[in-house]
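Hi,

Here is the structure I promised to pass on.

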Amino acid sequence: MAQTYEDMDAIAMLKADHRKVEDIFARFEKARGKDRKKALAEEACLELKVHTIIEEEIFYPACRGQIEGDLLNEAYVEHDAAKVLINDIEAGGPDEAFYEAKVKVLSEMIEHHVKEEEMRSEGLFSQARAAGLDMDDLADRMRTRKKSAMAELQGHPEIAAETHTFHGEDNAFAMADEPMTRRGDLPEAGVREAR
């Protein structure tokens with residue numbers, strides 16, 4: 001019997017999210033009609049915004065100091081680059097120039113990001129599992145946060161995805177090594193010095 005989302009550990013949950021978004025992008029590629037394409041693009045953007053929230057607020061901070069730092073930093077920057085496209089896609093529509101190209105590039109960016117997270121031995125997920133993180137506890141916290149983020153963002157594409165690693169931004173959020181209490185707050189135990 002297939003494992004339900006409620007029974008998955010943190011990595012299984014994140015992988016399930018990856019498969020869901022890959023499926024949405026595949027349906028977008030095959031879709032005909034502007035309304036259908038817009039609905040699928042908005043669905044992908046919502047799923048990605050929620051996914052980045054649970055990774056950035058809970059999973060990535062738990063990994064800080066436990067896995068290769070450069071890999072984790074790249075993951076944050078990849079998220080932020082994707083968020084720029086997500087915000088632009090959500091602000092636009094299929095009648096605009098480059099709309100489908102933006103969705104395609106977002107799909108390719110996510111494909112690359114997923115590959116780096118899921119690589120067998122050197123990937124982010126493999127390193128996190130090898131570090132002995134409590135994947136069940138992380139999953140419980142991620143499920144709770146996912147529900148609240150979905151409730152907050154669903155039907156509200158005007159709520160932009162927040163970036164944390166670009167020039168001029170306060171990078172403390174992305175450098176946190178403790179799970180965040182809620183979006184934008186300092187970590188539960190405070191931000192430790194950047195390594």
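**How two helices pack**

Helices α2 and α6 pack at an angle of about 145°, and their axes lie 9 Å apart. Before going further, a word on the source: this is a predicted model, in which local features need pLDDT of at least 70 and side-chain atom pairs count only at pLDDT 80 or more, while totals for chains, interfaces and linings use all residues. Residues are numbered from 1 along each chain as its sequence is written, and side-chain values use heavy atoms, with hydrogens and water left out.

For the terms, helices are DSSP runs (H or I, at least four residues) numbered from the N terminus. Axes are lines fitted to C-alpha atoms over the stretch in contact, with angles running from 0 to 180 degrees between N-to-C directions.

The crossing of α2 and α6 is right-handed (the near helix is turned clockwise from the far one by less than a right angle). On the α2 side, the contact (heavy atoms within 4.5 Å) involves L46, E47, K49, V50, I53, I54, E57, I58, F59 and A62. From α6 come M135, L138, R141, M142, R145, K146, A149, M150 and L153. By class, 13 of these residues are nonpolar, none is polar and six are charged; here Ala, Val, Leu, Ile, Met, Phe, Trp, Tyr, Cys and Pro count as nonpolar, Asp, Glu, Lys and Arg as charged, and the others, Gly among them, as polar.

**The cores**

The largest nonpolar core has 25 residues, of which F59, C63, L124, M135, L138 and M142 touch the most other members. A core here is a set of buried Ala, Val, Leu, Ile, Met, Phe, Trp, Tyr and Cys residues joined through side-chain atoms within 4.5 Å; buried means under 20% relative accessible area, exposed over 50%, and partly exposed in between (1.4 Å probe, protein chains only). Helices α1 (10–30), α2 (34–63), α3 (69–91), α5 (124–130) and α6 (135–153) each supply at least two residues, with the largest share, six, coming from α2.

Leaving aside neighbours within four places in sequence, F59 is in contact with A10, I11, L14, I54, L124, F125, A128, M135, L138 and M142. Another core, of 19 residues, lies apart from the largest one and includes I24, F25, A31 and A44.

**A few single residues**

C63 is buried, at 0% relative accessible area, and C45 is buried too, at 1%. K104, in helix α4 (residues 99–118), is partly exposed at 35%.

Best wishes
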